[in-house]
Amino acid sequence: MSTTIQFEQVRKDYGKNTVISNLNLVIKPGELFTLLGPSGCGKTTLLRMIAGFHSIDGGSISFDEQSINDIPAHKRNIGMVFQNYAIFPHMTVYNNVKYGLKNRKISKEEMINRLDDIIETVKITEYKDRLPNRLSGGQQQRVALARAIVIHPKVLLMDEPLSNLDAKLRIDMRRAISEIQKSIDITTVYVTHDQEEALAISDRIAVMKDGFIQQVGYPDTIYLRPFNTFVATFIGHSNLFQGAIEKENGVTYVRVTKDYRVAIDTLINEVQDKQNVMIAIRPEEFALSEKQEGIRATVKHRNFLGKYINYELILEDGQSIEFTQDTNLRNRFLEVGGVVYLEAITEKINVYTADGEKSLISGVTRYVE
Amino acid sequence: MLNKLKKQLDFWNLTTITLIVFFAVFLIYPLGALLLGSFQGNDGSFTLEHFQTFFEKKYYYQSLMHSFAVTICVTILAIAIGVPLAYLMSTLKIRGKGIIEILIIISVLSPPFIGAYSWILLLGRSGVVSKFFMEHFDITVPSIYGFGGILLVFTLKLFPYIYLYVSGALKKMDSSLMEAAESLGVTGIKKMTTLVLPLVLPTVLAGAMLVFMNSLADFGTPMLIGEGYSTMPVLIYSEFISEVGGNAHFAAALSTIMILITTIIFIAQKYVVNKKSYEMSSLRPIQPVKATGIKNFFAHLFIYVIVGLAIIPQVTVIYTSFLKTRGAMFIEGFTLDSYKRVLERMGDSILNTYVYGIIALVIIIILGMLISYASVRRKNFFTSFIDTIAMFPYIVPGSVLGITLLLAFNKSPLLLSGTASILIISFIIRRLPYTMRSSAAIIYQLSPSMEEASISLGYSPMRTFINVTARLMMPGVLAGALLSWITVINELSSSIILFTGNTRTMSVAIYSEVIRASYGTAAALSTILTVTTVVSLLIFFRMTGSKEVSL
């Protein structure tokens, strides 16, 4: 049975600075849970607090309701995969994987079985007798993973494990990690600053900034229904507009620009007429208007990216926005200097309070269990 | 409460406490006692009379002048030889480069007084070369004794420091820097002065400091070849040991002056190097090219002459160790008599050197690893303090350290004078910095996550240190330990003060044989010492697979 990790009122201080405060979170058994955020947001600090390499300066972290605050790192029974792999260079691949098992009271027979199993699972059989300096980054990563999970830890921690790999290998390893994690059903905390990686691999994601959790949710909720404008702009790109609510004859509109408003029925009931709001629309959430209605914009720049085309457009008030168009032979390319009209795909757009702190879409919460 | 105390007393905290006690007893207390002693009259009252005497009597302050004259000239000469040598060896293809490098390392790692003594054999009053010129051409070779001789011996012995340091820096210089200069039209001498020299300057200064400290602190060379040209270490020694009733307080005052000078120089050098040092890493090191014509000829000539001169003492010593002797004279014919006599009369000194040396080395390695780890990875006030205090002997001249230990431990409860322990302690204190420094350097290169991986796999911090960190530190530790070991077995300036009949070491025995003009046995013993040095070097090369020694 895998482990539940519970954070209650967790605090971390560096000298006089409090870098994490009042953090509450429950990570469910068997879940692959990602801490995502820009550098300095506290995600690695939090991970290292679970590992025991950083002290917990307030509140508590528990595994299955047992506090780990006072358990030293080497007795926490965690498996950790490091950004630079941290493979012991003086041991062969096999001995690296065996290192943690040697320290446990298990029979020789079981040890060998477990080793064979894991080496098979992570596909490193053919180089198990090599020294690590002759392995590629991806191979070292597999060894690190094997070494961490062969000890049957309560929790697996991964600190930006893929950031030193090249793009193609990263995608392969992403799948491998995900498969192995599911097959052994181990609660995993995964740290990354790469949003695409987080969306692809996670069961749930916590987006962090400045030591605070901005939103916890499934990858699709995080992307489609960001809780605030930080999440909306950090995960993918969102064009932000300062607008207002207009209520007429029982219909609610969102005014996006001076000349353009859309009827919307996804908002919470509490919104007021004339309330100022922040609107977030992703570059792919626009459609070109055939009828010359919508937001009028001039094409400033065109970037052909293969799968899609990215345009930089200038609105009449001077605001610059992004718009993407699928690459499709039927689509006409927009010419630089040309004028276009854009309409928003209303069910996709997100509306926030004027300060951008809270979503006004009904059903969107900061925490999704 | 008890639990909290137990938590505080983990492995590293206990280690820190133990180390502080060790250094408090064997370094801070003796040095403190020395410092206080230098302000004490013979009746124990406070006085400045020793310092006053020193600066009033020409006989005394002259030694300080001499020391400065020698060290400054030696440092300049060593730079003048070492820098061009390093530049030529790194940029040009030189025949026999491998052997030349080994010879340079051997000459720097051999005890300095062997140099003095073999130059006496060659150019001294009854030296081979002097006699040859006298008998065949009736020419009197200029006297080797005094300032000139000291200068010759020190320069040839110490220029390798500059060479090794600067070569190291040139290896780190990417050849694209040179190419960039050339593409901008800067070549030859101009390239050297505007690009190469400024970049290696901090390294030259670091090497120069080593040369300066070594020549300032060396006791054997001026004692043997100085003949009345007295330098500070000689003065300290003779004031302390003096047959007409040595004056310990006066010697203490002299030592205090020495420590003050070395400290100032050390701090000044640190300041300059910190302000003007560059981080360089080279993907494509400078490739030596083949020079042609006259340039090639002079480059080779320069290198061969310098290295030839540097290695002459070793060759002389080995050669003469096989000569027949009558009294102080070498006579025709080869024999192993000198070796036989050494084994009969001085076998104990050989055994002592190895036994004390190995005990000291083991302790140095353990302390070096613990201190460097604690000061890098467990940085706090106390570990930084230990780090600083342990490095201090680096700048304390050997004879001064010898005196401090002797004065501090010549009465109960810590009556150590005359024992082997006091020699071993002086070896440890004095030569620990080499191992510490290179151990610390390698820890900086190890990723902390290596240790964290081991801890997360269930090994306690102590077991992690033993299983992982210590193993990975080995290359750096060994490089430092090699230097510690070689300088321990060659140690003279503190041993000469601390030894007694039963505890004399090889270097002490060589020194006293030379003083007694028993050159045959001195040569045989020196040869044994040199062979030990070379064998240690070869074992080190084999163990680490490297071909370099970092000083």
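How much area is buried between domain 1 of chain A and domain 2 of chain A, and what percentage of it do carbon and sulfur atoms give? About 680 Å², with carbon and sulfur atoms giving 41%. Buried area here is the accessible area (1.4 Å probe) that two parts lose on being put together, summed over both.

A word on conventions. This is a predicted model: local features need pLDDT of at least 70, side-chain atom pairs count only at pLDDT 80 or more, and totals for chains, interfaces and linings use all residues. Residues are numbered from 1 along each chain as its sequence is written, chains are lettered from A and ligands numbered from 1 in the order in which they are written, and side-chain values use heavy atoms, with hydrogens and water left out.

Now the domains. Domain 1 of chain A covers 5–230, and domain 2 covers 238–353. Those bounds come from an automatic or database domain assignment. Taken over C-alpha atoms, the two centres are 39 Å apart. Eight residues of domain 1 and ten of domain 2 make the contact, meaning heavy atoms within 4.5 Å.

Who supplies the area on the domain 1 side? A:Tyr223, A:Arg225 and A:Thr229 supply 71% of what domain 1 buries against domain 2, more than any other three residues. Salt bridges between the domains: zero. The rule asks for a side-chain nitrogen of Lys or Arg within 4 Å of a carboxyl oxygen of Asp or Glu. Polar contacts join seven residue pairs, both at pLDDT 80 or more. A polar contact is a pair of N or O atoms within 3.5 Å; within protein, one must be able to donate a hydrogen and the other to accept it, and residues adjacent in sequence count only if both atoms are side-chain atoms. Helix H7 (219–224) of chain A gives the most to this side of domain 1, three residues. Helices (H or I, at least four residues) and strands (E, at least two) are DSSP runs, numbered from the N terminus.

Next, chain A against chain B. Here 21 residues of chain A are in contact with 19 of chain B. The buried area is about 1,800 Å², and carbon and sulfur atoms give 62% of it. A:His74, A:Tyr99 and A:Asn103 supply 35% of chain A's part, more than any other three residues.

There is one salt bridge across this interface. A:Arg48 meets B:Glu452 in a salt bridge, 2.5 Å from N to O. Strand E6 (78–81) and helix H2 (93–102) of chain A each give two or more residues to the chain A side. H2(A) has the largest share, three residues.

Last, the strands. Two strands pair if DSSP finds at least two bridges between them. In chain A, four strands form an open antiparallel sheet, in the order E2-E1-E4-E5. E2 (17–27) and E5 (66–67) stand at the edges with a single partner strand each, so one side of each has no neighbour in the sheet. E4 (58–63) pairs with E5(A) over two bridges, antiparallel. There, A:Ser62 stands opposite A:Ser67.

Strand E19 (339–344) of chain A pairs with E15 (286–288) over three bridges, antiparallel. A:Phe286 stands opposite A:Ala344. E16 (295–304) of chain A also pairs with E19(A), antiparallel, over four bridges. In that pairing A:Ile295 stands opposite A:Leu342.
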